[in-house]
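Open the model in your viewer and keep the selection tool at hand. The stops below follow one another.

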Amino acid sequence: MANALQEQLLKAGLASKQKVKNARTQQRRDKKANVDDGSAALKQQIAEQKLQQAIKDKQLNEQRFKEASEKGQVKGLITEFTRFAITLPKDAETKFNYTLDNKIYSVYVNDKIQAQLLNGSLGIIRYEDKSYLVPHKLAVRVKLLVPQWCGYLWDETAKNALEQVSDADDPYADYAIPDDLMW
């Protein structure tokens, strides 16, 4: 006797053979869905590994920061980038956006400073809710000691990779770009 109730319903005419077949199919599907294939455990293990790696990275950064603080390098960097920071022009109209800790920040710059940022001669440091435009070498030193302060730093390898991709796949390479076009 597979299922006495289904047979009784069939004999009484309250159910059809198709409904019984559908019910059995659904029961089989439910059993397969409830079988644990180990993917939940694997996902949990991967999540734990990522969490442990994030904790380890955070501790390493804190240790580097602590060592640098003990040596007085961080205070020296702060005074250095506040002293060498380029003052932002008051009449600047171009908005330059950069991201830091998944937040978007903006500074208003003129065309000359924007060109310097884009060609890699300047970088942006964010310290105590203020943005500082500093020379590239100083921004690199800040990124090595305190990476959470470095807001924008031009990367030559990323630019080269982008140029290689854009040159190879650009279908509009033969067309001239108008001078008055602003992105």
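How many residues does helix H2 have, and how far does it reach from its first C-alpha to its last? Select residues 17-34 in this predicted model. Helix H2 has 18 residues and reaches 26 Å, close to the 26 Å expected at 1.5 Å a residue. Now show the surface. Of the 18 residues of H2, the number buried is 1, so the helix lies largely in the open.

Next, the sheet. Select its 3 strands: they run in the order S4-S3-S5, with antiparallel pairing, and the sheet is open. Strand S4 (130-135) and strand S5 (150-152) are at the edges. Each has a single partner strand, so one side of each has no neighbour in the sheet. On average, neighbouring strands are turned by 40 degrees against each other, direction ignored.

Zoom in on S3, residues 122-127. S3 and S4 pair over 6 bridges, in the antiparallel sense. Pick tyrosine 127: its bridge partner in S4 is lysine 130.

Last stop: the salt bridge. The structure holds 1. Select arginine 141 and glutamate 80, whose side chains meet at 2.8 Å, N to O. Arginine 141 lies in helix H6 and glutamate 80 in helix H4 (residues 73-83), so the pair ties together parts that are 61 residues apart in sequence.

Glutamate 80 has 19% relative accessibility and counts as buried, because the cut-off for buried is under 20%.

Definitions and conventions:
Residues numbered from 1 in each chain as written. Predicted model: local features only at pLDDT ≥ 70, side-chain atom pairs only at ≥ 80, totals over all residues. Heavy atoms only, no water. Helix = DSSP H or I, 4+ residues; strand = E, 2+ residues; numbered from the N terminus. Expected span 1.5 Å × (residues − 1). Buried < 20%, exposed > 50% of the residue type's maximum accessible area, 1.4 Å probe, protein only. Pairing = 2+ DSSP bridges. Axes fitted to C-alpha atoms, helices over the stretch in contact; angles between N-to-C directions. Salt bridge = Lys/Arg side-chain N within 4 Å of Asp/Glu carboxyl O.
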